[in-house]
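Me: I am new to this structure and would like to get to know it step by step. Could we go through it together?

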Amino acid sequence: MTASPSPEDLSKCHAHWRRVYNRLWLAVVAVLAVGGAIVWAFTRNIDHLYSALFLAVFPFVGQLYNHFYLFNPRHDPLKTQQRLEDLAEKQQKNVRTVSLVNGSILLIASPIFIVIGVAAGAEYGVVGAVVGGIIGSVWLVSGLLGIGK
């Protein structure tokens with residue numbers, strides 16, 4: 001007995017999520033396009049409509065990628081599941097790398113932010129200096145947490 005689900009169950013699961021994601025992508029496209037049309041109707045500036053339609057292209061491309069590549073109904077469900085797991089693992093690795101880089105930047109820059117916060121807050125008195133120091137310390141803690149993930 002294997003712990004993996006049957007191909008039929010995987011196929012049903014993929015079909016369900018394909019429908020959910022298709023609706024989400026289409027909703028984003030519709031909100032952008034209709035929002036641009038409403039703004040254009042009020043302002044009569046055609047650039048607003050063109051900008052919204054331009055922005056609506058990107059979610060549409062995401063929908064095509066999701067529907068025809070990630071959850072392609074004509075592909076083997078087991079291979080699709082493996083591809084999704086590989087993609088999730090790759091994304092987690094990328095998140096860890098970005099968190100490490102951003103945390104390092106915050107950690108390096110936090111002493112500068114503490115000094116600037118205290119100096120800027122000192123113009124408003126002792127309470128301002130303390131608040132500025134606390135805000136700078138938040139940057140330090142954020143950097144440590146980013147690296148610690």
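Predicted model: local features only at pLDDT ≥ 70, side-chain atom pairs only at ≥ 80, totals over all residues.

Me: Which term describes the way the rings of F113 and W139 are paired, stacked, tilted or edge-to-face?
Reply: Let us look at the angle between the planes. Planes under 30 degrees apart count as stacked, and those over 60 as edge-to-face. The ring centres of F113 and W139 lie 4.5 Å apart and their planes are at 35 degrees, so the pair is tilted.

Me: How many residues apart in sequence are the parts that this pair of F113 and W139 ties together?
Reply: W139 is itself partly exposed, with a relative accessible area of 35%. F113 belongs to helix α3 (residues 77-122), while W139 belongs to helix α4 (residues 126-148). The pair therefore ties together parts whose separation in sequence is 26 residues.

Me: Which helix holds both W17 and Y21?
Reply: These two residues are 4 apart, about one turn of the helix. W17 counts as partly exposed at 36% relative accessibility, and Y21 counts as partly exposed at 32%. Both lie in residues 7-43, which is helix α1.

Me: Which residue joins W17 and Y21 in a cluster of ring pairs?
Reply: By the ring-pair rule, the count for the protein is 5 aromatic pairs. In the pair of W17 and Y21 the ring centres are 5.7 Å apart and the planes are at 35 degrees, so this pair is tilted. Ring pairs link W17 and Y21 into a cluster with F71.

Me: In what order do the elements of the protein run from the N terminus on?
Reply: The secondary structure comes to 4 helices and 0 strands. From the N terminus on, the order is therefore α-α-α-α.

Me: What is the radius of gyration of the protein, and why does it count as more spread out than a compact globule?
Reply: Along its principal axes the C-alpha trace spans about 65 × 60 × 20 Å. For 149 residues the globule rule gives 15 Å, and the protein is well over that, so it is more spread out than a compact globule, with a radius of gyration of 24 Å.

Me: What share of the residues of the protein counts as buried?
Reply: The accessible surface comes to about 10700 Å², and 72% of this belongs to carbon and sulfur atoms. Of the 149 residues, the share that counts as buried is 22%.

Technical notes:
Residues numbered from 1 in each chain as written. Heavy atoms only, no water. Rg over C-alpha atoms; globule rule 2.2 N^0.38 Å. Buried < 20%, exposed > 50% of the residue type's maximum accessible area, 1.4 Å probe, protein only. Areas by Shrake-Rupley, 256 points an atom, 1.4 Å probe, with all protein chains shown as cover. Phe/Tyr/Trp six-rings, centres within 6.5 Å; stacked < 30°, edge-to-face > 60°.
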